[in-house]
Amino acid sequence: MREIKEYTAGEDLIIKTSVRLLVPFIQLFGLYVIVHGHYSPGGGFQGGVLLGASFILLALAYNIKTSQEYLSIGVNALFSNLGPAIFIGVGVLCTVFGGLFLDYSALDLLIPLGPVEWRSFGIFLIEVGVGLAVMNIMVLLYWNLSSGGNMDEGL
Amino acid sequence: MKALALLATLMTGALLLYGTRDFPAWGDPQSPASSYLSPVYIEQAVQQTHVPNLVTAVLGDYRGYDTMFETVVIYCAGMAVVSVLRRNREE
């Protein structure tokens, strides 16, 4: 049992170096997919998965501790709650300004951009919320499942 | 008990399969969804939302309520795993 543990794939110079080089580009692409969801295939779910995968890749190649230096447990917990809160908050804000739930054109009273532009921008706001939620829940699921809940060793 | 569960599963499956007989044919242009709903999205979504990607417009605006609960489902999955597995280091 001990021998198997010593030959884990993570402790490898090639894997570590290539992951270190890849992660910034994966994160940049994830942000692009979220932001460019209005014009090309993509959006909050896909971009969030890409962003989450970059941190999971770090945790796989190094260890969970290393990935927690870049995304701490507290920030992760905050963002995974903030994501759905942004989505539902935007919806509630629409009702406060006199529209229906998630009818973004009502937010025109808050900042006058025009009702049509607000529908476009409201979609962007909720995509950000979805992206935050998906990214952080993905990382949270990996951390907990791979370490059995104590969030230190991992695979 | 297992036989009963299997029987219930099979009966539910048969009922659902029987229900699909009333569906319109795959890709039928005369079906209600294709003749009323989809043309409205295709003709008006860009004017109404200024989003060139119709999938995003339907997902984020027209079907925003659905997308909200998709997010909540992911959130619930995360919270369920945390509440079952997570424990503090001192223990």
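In what order do the elements of chain B run from the N terminus on? The order is α-α-α-α, and the secondary structure of chain B comes to 4 helices and 0 strands. The model is a predicted one.

Confidence was examined for chain A. The mean pLDDT of this chain is 88, and 92% of its residues reach 70 or more. Within chain A, the lowest confidence falls in helix 1 (residues 2-6), with a mean of 51, and the highest in helix 5 (residues 73-96), with 94.

The overall dimensions of the two chains were compared with those of a compact globule. For 155 residues such a globule would have a radius of gyration near 15 Å, whereas the value for chain A is 19 Å. The C-alpha trace of chain A spans about 65 × 30 × 20 Å along its principal axes. Of the 155 residues in chain A, 41% are buried. Among contacts in chain A with a separation of 6 or more, 61% join residues 24 or more positions apart. For chain B, a compact globule of 91 residues would have a radius of gyration near 12 Å, but the chain has 22 Å. Its C-alpha trace covers about 60 × 45 × 15 Å along the principal axes, and 18% of the 91 residues count as buried.

Helix 1 of chain B was considered separately. This helix comprises residues 2-19, and its 18 residues should span 26 Å at 1.5 Å a residue; the end C-alpha atoms are 26 Å apart, so the two values agree. Helix 1 of chain B is hardly covered, with 0 buried residues among its 18. B:Tyr18 lies in this helix and counts as exposed because it has 9 C-beta neighbours inside 10 Å, where the cut-off for exposed residues is 12 or fewer. The C-alpha atom of B:Tyr18 is separated by 21 Å from that of B:Ala33, a residue 15 places away along the chain.

The contact between the chains takes 31 residues from chain A and 26 residues from chain B. On the side of chain B that touches chain A, at least two residues each are supplied by helix 2 (32-49), helix 3 (54-62) and helix 4 (64-85) of chain B. Helix 4 of chain B gives the largest share of this side, 13 residues. By class, the side of chain B that touches chain A consists of 12 nonpolar, 10 polar and 4 charged residues.

Helix 3 of chain B has B:Thr56, B:Ala57, B:Leu59, B:Gly60 and B:Asp61 as its buried residues. The cover over these residues comes from both chains, and includes helix 2 and helix 4 of chain B together with helix 6 (115-147) of chain A.

In soluble globular proteins, nonpolar side chains tend to be buried together. The largest nonpolar core in the model holds 43 residues, of which A:Ala133, A:Val134, A:Ile137, A:Met138 and A:Val139 touch the most other members. Two or more residues of this core are given by each of helix 2 (13-35), helix 3 (44-61), helix 5 and helix 6 of chain A, and by helix 4 of chain B. Helix 6 of chain A contributes the largest share of the core, 16 residues. When residues up to four places away in sequence are not counted, A:Val134 touches A:Gly44, A:Phe45, A:Gly48, A:Val49 and A:Gly52, as well as B:Ile74 of the other chain.

Positive phi angles in residues other than glycine were also noted. A:Leu102 has a positive phi of about 65 degrees although it is not a glycine. A:Leu102 is placed in the loop between helix 5 and helix 6 of chain A, and counts as buried because 25 C-beta neighbours lie inside 10 Å. In chain B, B:His50 is a residue other than glycine with a positive phi, near 55 degrees. This residue, B:His50, belongs to the loop between helix 2 and helix 3 of chain B. With 17 C-beta neighbours inside 10 Å, B:His50 therefore counts as partly exposed.

Note on methods: Residues are numbered from 1 along each chain as its sequence is written. Chains are lettered from A and ligands numbered from 1 in the order in which they are written. This is a predicted model: local features need pLDDT of at least 70, side-chain atom pairs count only at pLDDT 80 or more; totals for chains, interfaces and linings use all residues. pLDDT is the predictor's confidence in each residue, from 0 to 100. Two residues are in contact if their C-beta atoms, placed from the backbone, lie within 7 Å. Ala, Val, Leu, Ile, Met, Phe, Trp, Tyr, Cys and Pro count as nonpolar, Asp, Glu, Lys and Arg as charged, and the others, Gly among them, as polar. A residue is buried if 20 or more other C-beta atoms lie within 10 Å of its own, exposed if 12 or fewer, and partly exposed in between; C-beta atoms are placed from the backbone. A nonpolar core is a set of buried Ala, Val, Leu, Ile, Met, Phe, Trp, Tyr and Cys residues joined through C-beta atoms within 7 Å. The radius of gyration is taken over C-alpha atoms; the globule rule is 2.2 Å times the number of residues to the power 0.38. The expected span of a helix is 1.5 Å times one less than its number of residues.
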